[in-house]
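Subject: Structure handover and findings

Hello,

Here is the structure for your set-up work. My notes on it follow below.

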Amino acid sequence: MIQSLLPNIADLHKIEVYEANGGYQALRKALGMKPEEVTDEVKKSNLRGRGGACFPTGLKWTFMPKVTPKPKYLCVNGDESEPGTFKDRQIFESNPHVMIEGIVIACYAMGITTAYLYIRGEYGKWVRMVQKAVDDASAKGYIGQNILGTGFSTQLVVHKGAGAYICGEESALMNSLEGERGYPRVKPPFPAQYGLWGCPTTINNVETLSNVPIIINNGWEWYSKIGAPKHPGPILVGVSGHVNKPGVYEMPTGVPLLEIIYKHAGGVPGNKGIKAVIPGGSSTPILRGDQLEGVCMDADSMKAAGSAVGTAGVIVMDEDTDLIQVIARIAKFYHHESCGQCTPCREGTGWLHKILDRFVRGDGRREDIDLLMDVANNIEGNTICALGDAAAWPVQSMIRRFRDEFEKRVHEAVPAEQVPA
Amino acid sequence: MLSEASLQKIEELKTKYPTTQAMTLPVLWMVQEEHGFISPEAMKYVADLLKVSYGHVFGVVTFYTMYNARKIGKHHIEVCTNVSCMLRGSGKIVEHLEHRLGIKMGETSRDGTWTLSEVECMGSCGTAPMCAVGEEYYENLNPEKVDSVLNKLQ
Ligand SMILES: Cc1cc2nc3c(=O)[nH]c(=O)nc-3n(C[C@H](O)[C@H](O)[C@H](O)COP(=O)(O)O)c2cc1C
């Protein structure tokens with residue numbers, strides 16, 4: 001029986017191997033239940049979204065109208081573009097069928113007949129792998145018309161993006177699927193009322209949906225006891241930066257960050273100390289190396305530490321890291337990826353980028369530190385989508401926790417005539 | 001503009017989307033795969049094919065970074081310089097590539113063989129630093145590995 005996302009089974013991406021290991025049993029089981037019972041199971045399991053916001057998945061599914069004259073859609077978010085995040089790729093590569101099985105179960109639970117899986121354009125190779133898996137699943141009757149003879153039908157369309165971080169934002173993704181530029185939409189209305197082509201739509205992350213077969217197989221009670229009680233289940237943690245063994249590691253939620261870094265990822269090269277850690281992808285607030293004790297990979301613990309789980313992309317920086325260069329690079333990213341709709345984000349991300357580049361060159365002015373904070377504060381909360389917040393948080397947290405790094409780079413030159421004799 | 005195979009694929013796609021506009025991205029991908037870039041004539045062709053405006057297609061092509069509105073080199077080398085790659089030495093990879101190819105980031109070699117671009121995170125953070133050439137990812141790079149990639153492509 002499938003109990004984890006990335007079990008150590010050779011060739012699991014092949015449908016026969018997946019089936020031989022209990023694959024698609026959860027789908028059979030779910031199709032024997034009432035759709036509401038499936039949603040209820042997911043709700044009680046306390047599964048929370050793995051796309052960044054930790055939103056309760058079962059609750060999201062209940063927002064879908066039961067009766068509607070319009071078609072209903074599922075969007076599967078495989079845009080995976082948050083710097084430091086490389087976990088969905090692992091699912092595409094090693095276990096695509098657990099995702100497909102989860103998608104079909106979700107469609108059944110919500111009465112959806114078409115699902116779109118949006119994969120970032122750079123993952124062209126993985127798009128092909130996933131398409132092959134989808135074709136294999138259709139050939140075996142797990143997806144398509146009259147699934148397993150139950151009368152339930154749903155199709156899964158794999159859609160390739162074309163290079164835009166913003167298309168991971170749910171409403172931008174929907175516009176992109178409609179063939180538009182990836183501009184986020186004003187909410188409300190929320191996707192469950194007005195999503196793809198104005199129809200009721202649910203959007204979930206690839207890893208989130210991959211958890212669904214595990215819940216159905218083992219029951220909500222079993223699942224809800226894995227890891228942190230309020231944010232349970234297996235989670236894929238991607239560790240990168242200054243560690244000996246970077247990679248994606250599956251573990252229960254709630255594992256201490258230090259254990260992730262030292263036990264799973266093999267510690268820091270040269271036994272150097274840790275200066276800082278970004279715990280959940282580039283948009284999550286940075287943590288100081290000396291505040292990591294007791295901080296765990298679950299929503300509550302991260303929140304208490306002043307950061308967030310995000311996409312569980314842990315970026316480790318050793319004691320010799322130039323954090324100013326790091327934050328300037330992050331600011332450059334958000335400047336490049338801002339879609340340009342909202343003035344605070346379009347202009348503000350450019351300001352952050354330019355001012356931080358001054359610090360990189362050693363030309364920062366003392367008043368620039370407060371200016372950075374002011375610009376970030378004026379972006380946060382003032383934009384249509386959360387890209388603005390994602391750009392502001394790293395800068396705000398870097399200044400709060402590493403102000404001395406900025407001060408060291410202030411250029412204190414004065415005109416020669418002002419130098420005391 | 002498009003091959004028979006692509007046109008047939010487009011017919012299939014029509015069953016998967018409720019509007020033709022939704023096929024803008026997939027059809028632009030077909031054009032780019034066949035021609036290497038998307039010319040103004042190609043944009044006009046796509047607009048007519050999908051019954052959308054030229055302005056719409058132009059807007060989409062210029063919004064998404066992976067669509068080339070201009071001809072580029074035969075081999076497009078894209079190097080990630082985002083944080084995880086930066087921490088593991090992408091700076092050295094960029095330097096080495098610029099030195100070996102005699103072009104800077106964003107440039108194309110005079111003979112049209114190489115285009116070098118700096119890109120944002122490609123989802124290769126666990127195998128950083130990296131570069132991509134077309135759909136192929138080259139990971140855990142060092143200058144020697146870059147040399148062998150270049151030699152293979154040449
Ligand atoms: C700028 C931005 C980029 C995002 N990128 C992604 C992404 O690449 N993948 C993803 O699953 N969610 C991404 N999200 C979150 C989605 O908007 C959405 O919350 C998520 O897909 C919901 O799935 P979940 O509830 O299963 O987590 C992004 C959000 C923002 C604001």
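Two strands count as paired if DSSP finds at least two bridges between them. Helices (H or I, at least four residues) and strands (E, at least two) are DSSP runs, numbered from the N terminus.

This is a predicted model: local features need pLDDT of at least 70, side-chain atom pairs count only at pLDDT 80 or more, and totals for chains, interfaces and linings use all residues. Residues are numbered from 1 along each chain as its sequence is written, chains are lettered from A and ligands numbered from 1 in the order in which they are written, and side-chain values use heavy atoms, with hydrogens and water left out.

**Sheet in chain A**

In chain A, 5 strands make an open sheet with mixed pairing, in the order E6-E5-E9-E7-E8. Strand E6 (247-252) and strand E8 (287-288) of chain A are at the edges; each has a single partner strand, so one side of each lacks a neighbour in the sheet. Helix H12 (residues 257-264) of chain A packs on this sheet and touches strand E5 (234-241), E6, E7, E8 and E9 of chain A. Contact here means heavy atoms within 4.5 Å. The direction of H12 makes about 110° with that of E7(A). For such angles, axes are lines fitted to C-alpha atoms, for helices over the stretch in contact, and the angles run from 0 to 180 degrees between N-to-C directions.

Now the pairings. E5(A) and E6(A) run antiparallel, joined by 6 bridges. A hairpin of 5 residues links E5(A) to E6(A). Ile235(A) has Met251(A) in E6(A) as its bridge partner. E5(A) and E9(A) run parallel, with 4 bridges. Gly238(A) stands opposite Gly313(A) in E9(A). Strand E7 (residues 274-278) and strand E9 (residues 313-318) of chain A are antiparallel over 4 bridges. There, Ala276(A) is bridged to Met317(A) in E9(A).

Is E5(A) enclosed or open? 8 of the 8 residues of E5(A) are buried, so this strand is largely enclosed by the rest of the structure. Buried means under 20% relative accessible area, exposed over 50%, partly exposed in between (1.4 Å probe, protein chains only).

**Sheet and helix in chain B**

Chain B has an open sheet of 4 strands, in the order E2-E1-E3-E4, again with mixed pairing. E2 and E4 of chain B are the edge strands, each pairing on one side only. Neighbouring strands of this sheet are turned by 25° against each other on average, direction ignored. E1(B) and E3(B) pair in the antiparallel sense over 3 bridges. Val79(B) has Cys131(B) in E3(B) as its bridge partner. H6(B) lies across E1 and E2 of chain B, at about 155° to E1(B).

In helix H7 (residues 143-153) of chain B, the residues Val146(B), Val149(B), Leu150(B) and Leu153(B) are buried. They cover an arc of only 95° around the axis, which puts them on the same side of H7(B). That arc is taken from the directions from the helix axis to the C-beta atoms. Exposed Glu144(B) and Lys152(B) sit on the face of H7(B) turned away from the buried side. Strand E1 (75-80) and helix H6 (90-101) of chain B are among the elements that cover the buried residues.

Met130(B) is in the loop between E2 and E3 of chain B. Its relative accessible area is 0%, so Met130(B) is buried.

**Cysteines**

A disulfide is a pair of cysteine sulfur atoms within 2.5 Å. Cys339(A) is in none; the nearest cysteine sulfur, that of Cys342(A), is 6.2 Å away. Cys125(B) is in none either; the nearest cysteine sulfur belongs to Cys121(B), 3.6 Å away. Cys125(B) is buried, at 3% relative accessible area.

**Aromatics**

Rings of Phe, Tyr and Trp (its six-membered ring) pair if their centres lie within 6.5 Å; planes under 30 degrees apart count as stacked, over 60 as edge-to-face and the rest as tilted. There are 20 aromatic pairs over all chains. Tyr24(A) and Tyr142(A) are stacked, at 3.9 Å centre to centre and 5° between the planes. Both are buried. One aromatic cluster consists of Tyr183(A), Trp29(B), Phe63(B), Tyr64(B) and Tyr67(B).

Best wishes
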